[in-house]
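Take a first look at the chain below.

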Amino acid sequence: MHGRLTTGCIALAVCLAAAAAAEPLSLRIANYDIDARLDVAQHTITAREVLTWRNTSSESVADLYFHLYLNAFANNRSSLMREAGEAIEDWQRDKPDGWGQQAISRFVVDDSDRTAAIEWVHPDDDNVEDRTVIRVPLEHPIAAGASARIEVDFTAKLPKIFARAGYAGPFHFIAQWFPKIGVYDGGAWNCHQYHLTTEFFADFGVYDVRLTVPGDSVVGATGERQDEHDNGDGTKTLRYHAEDVHDFAWTVDPRFIEVTDHFDAVTLRLLLQPHHVTQAARHLDAVKAAMLRYRDWFGAYPYSQLTIVDPAPGGNGAGGMEYPTLITVGTSWWMPAGLRFPELVTIHEFGHQYWYGMVANNEFEAAWLDEGINSYVEGLIMDERYGPQGSYIDVSGLRVDGIAARRAGYLAAPSHDPLTRYAWQFLDRRSYSSITYAKTALLLATLERYLGGDRLRVALRHYFERWRFQHPTARDFIEAINESTGEDLWWYFDETIYGTATLDYAVTRVETEDALEFAGAHVPATTGEEPAPAPKEKRYRNQVVVERLGDMRMPVEVTVSFEDGTETAEWWDGNDRWRRFEYVGTQRVDYAVVDPRHKLPLDVNFTNNSRMRDQATRGVIRLAGRWGFWFQNLLHVLTGL
């Protein structure tokens with residue numbers, strides 16, 4: 001009886017587990033069925049999509065908003081092209097016929113033809129010539145809880161690759177290529193234009209996509225290939241299926257060399273250019289390191305496949321990008337082992353399967369929630385896998401780790417914009433990159449050291465588990481961190497996320513003078529006390545002054561070292577503008593260091609963190625700091641993602 005009960009329980013558990021696995025991971029609001037045909041000679045796509053969209057709000061919806069992203073490349077008047085400035089001038093001069101665009105020929109909602117009702121809108125700026133968002137008023141509103149069937153016939157002309165999508169020779173990378181519905185939230189459509197620095201935001205759903213391509217094509221795509229059919233006319237049709245994702249991207253190149261591997265139950269499909277085949281192991285090693293740590297720290301990768309795409313020469317604009325179950329990387333034919341750019345890009349882009357992929361924040365409005373968190377975790381994995389002293393660069397004695405790499409980016413523009421600024425509203429691309437990527441990574445590294453141990457990593461797992469397959473905001477992130485740590489950290493996030501203050505603590509004085517010998521009458525503390533004997537040893541009066549040069553406040557440690565090798569540890573709450581420490585004794589202060597254990601990676605100037613009593617040595621220290629600064633900025637140029 002006991003044995004039969006145990007067997008029955010096991011069988012029931014297996015059935016329940018299978019049923020649970022079949023349950024949708026997301027609300028599946030936007031579900032696409034697409035048939036597309038690629039003409040590689042003309043670089044055009046002819047397609048029909050059938051979108052089933054569900055109104056999960058509590059009100060009727062009277063219109064629909066869609067992105068037509070590829071129209072950002074239609075001419076030099078789009079908002080993206082205007083924001084590109086000189087970069088697009090160079091591109092236009094070199095590739096005068098490289099424009100792309102997108103057009104809808106038929107738009108039907110529940111058997112009601114709304115093609116003639118389509119209107120261009122530009123919700124973000126006053127650029128009436130931008131054609132990346134449409135509004136479609138409906139004949140019959142979609143009731144709360146109801147679904148609509150939307151049929152769209154469209155064509156797309158791919159541009160020569162400038163940013164993310166397009167072609168370079170036979171290499172085609174096809175992203176943000178289909179009319180894509182916005183997100184209906186809070187009684188309004190969230191459907192931003194395509195800007196130079198913005199990425200994307202969409203609801204989860206199921207994608208079933210059939211791609212007709214030349215017969216010699218090697219194809220990579222979101223999801224898992226279900227079947228492949230030879231059409232007998234020199235073309236073939238491949239069907240891909242993906243569940244609980246919010247986008248679909250694909251690539252075609254007959255030159256791809258395919259390398260297959262596995263991690264746990266996930267198939268890894270690496271599509272390399274022929275001249276990069278020798279670097280296959282570097283990409284696979286990096287992605288496995290990332291998958292291992294993400295699995296252990298945050299949770300298992302829930303999809304059965306990951307495709308890793310190496311762009312072709314001339315296609316670097318498509319590199320370093322993330323799409324559901326598909327990432328693009330980047331390298332060059334000459335890449336020494338100690339220049340770990342292929343590894344860091346691979347680890348970074350895989351991380352987006354979690355931050356953006358599953359925890360689907362609004363990248364237009366809060367890009368730091370994916371780019372910044374991802375950059376922080378990328379640094380942890382790089383340092384662990386490749387050594388903490390030279391995880392990013394380890395060549396001829398030059399060693400750069402994760403913190404140094406992020407400081408290089410942050411110091412380029414540390415104070416122009418708060419993290420909460422919408423991506424296209426930053427002062428410029430440098431400020432966007434410095435703040436969104438680097439500052440977020442450093443503020444998390446600083447918080448990690450403040451909390452101690454693994455508390456921040458545990459808190460990030462709590463945030464991930466709470467918001468996976470949803471759309472979190474900055475407040476949701478902060479509240480999840482507070483919940484997990486049991487601390488109210490708003491004081492910290494108010495300054496680092498919502499403000500532009502910089503952190504800069506400096507030792508500004510280390511001074512020593514001879515203590516005066518006792519003179520005058522001794523006044524006893526108690527009746528009958530014997531007069532104190534005059535000191536026999538020479539005594540010194542020392543003062544160390546630490547200043548808060550930035551506007552941001554953080555508790556900070558100070559170490560004061562004396563010439564006999566002894567040290568004194570001090571602590572300052574960091575709130576006032578300065579703090580003086582005084583010491584009277586037989587030893588002179590040799591030097592003082594603020595933040596000796598480097599708990600404040602956000603500090604914008606490490607060169608003023610220490611000061612010696614001997615004035616002559618300061619110039620050497622400062623010169624070394626200047627060399628470090630210039631090297632960090634070089635690193636920023638080489639590793640921008």
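## Terms and overview

Helices and strands here are DSSP runs, numbered from the N terminus; a strand, marked E, has at least two residues. One such run is strand E17, covering residues 235-245.

This is a predicted model. The chain holds 12 helices and 32 strands. Its C-alpha atoms fill a box of roughly 110 × 80 × 50 Å along the principal axes. Of the 641 residues, 53% are buried.

## The nonpolar core

In soluble globular proteins, nonpolar side chains tend to be buried together. In this chain, the largest nonpolar core has 187 residues. Trp53, Leu64, Trp177, Trp250 and Phe477 have the most contacts inside that core. Helix H8 gives the most to the core, with 11 residues.

What does phenylalanine 477 touch, apart from its neighbours within four places in sequence? The partners are Trp368, Leu369, Ile373, Leu444, Leu460, Tyr463 and Phe493.

## Helix H5, an enclosed helix

Helix H5 runs over residues 341-351. How many of its residues are buried? The count is 11 of 11, so H5 is largely enclosed by the rest of the structure. The buried set includes charged Glu343 and Glu349. It also includes Phe341, Leu344, Val345, Ile347 and Phe350.

## H5 and its helix neighbours

Helix H4 covers residues 280-297, and its axis comes within 8 Å of the H5 axis. The two axes cross at roughly 40 degrees. That angle makes H4 oblique to H5. The crossing is right-handed. From H4, the contact uses Arg282, His283, Ala286, Val287, Ala290, Met291 and Tyr294. From H5, it uses Pro342, Glu343, Thr346, Ile347, Phe350 and Gly351. By class, this H4 and H5 contact has 8 nonpolar, 3 polar and 2 charged residues.

H5 also packs against helix H6, residues 368-386. Here the angle is about 135 degrees, and the axes are 9 Å apart. H5 is therefore oblique to H6. This crossing is right-handed too. On the H5 side are Glu343, Leu344, Ile347, His348 and Gly351. They meet Glu371, Asn374, Ser375, Glu378, Ile381, Met382 and Tyr386 of H6. The classes are 5 nonpolar, 4 polar and 3 charged.

## Helices H7 and H8

Helix H7 spans residues 402-411, and helix H8 spans residues 429-451. Their axes come within 8 Å and cross at roughly 135 degrees. Which way do they lie, given that angles over 145 degrees count as roughly antiparallel? H7 and H8 are oblique to each other. H7 passes H8 in a left-handed crossing.

H7 makes the contact through Ile403, Arg406, Arg407, Gly409 and Tyr410. H8 answers with Ser434, Ile435, Ala438, Lys439, Ala441, Leu442, Ala445 and Arg449. These residues divide into 7 nonpolar, 2 polar and 4 charged.

## Leucine 427

Leucine 427 sits in the loop between H7 and H8. Is this residue buried or exposed? Its relative accessible area is 53%, so leucine 427 is exposed. Beyond its neighbours within four places in sequence, leucine 427 is in contact with His416 and Asp417. Proline 324 is 103 residues away in sequence and 30 Å away in space, C-alpha to C-alpha.

## Two positive phi angles

Most residues other than glycine have a negative phi. Arginine 28 has a positive phi of about 50 degrees and is not a glycine. Arginine 28 is in the loop between helix H1 (2-22) and strand E1 (30-39). With 19% relative accessibility, arginine 28 counts as buried, because the cut-off is under 20%.

Aspartate 244 also has a positive phi, near 60 degrees. Aspartate 244 lies in strand E17. Its relative accessible area is 3%, so aspartate 244 is buried.

Key: Residues numbered from 1 in each chain as written. Predicted model: local features only at pLDDT ≥ 70, side-chain atom pairs only at ≥ 80, totals over all residues. Heavy atoms only, no water. Axes fitted to C-alpha atoms, helices over the stretch in contact; angles between N-to-C directions. Helix = DSSP H or I, 4+ residues; strand = E, 2+ residues; numbered from the N terminus. Parallel < 35°, antiparallel > 145°, perpendicular 65-115°, else oblique. Left-handed = near helix turned anticlockwise from the far one by under 90°. Contact = heavy atoms within 4.5 Å. Core = buried A, V, L, I, M, F, W, Y, C linked by side-chain atoms within 4.5 Å. Buried < 20%, exposed > 50% of the residue type's maximum accessible area, 1.4 Å probe, protein only.
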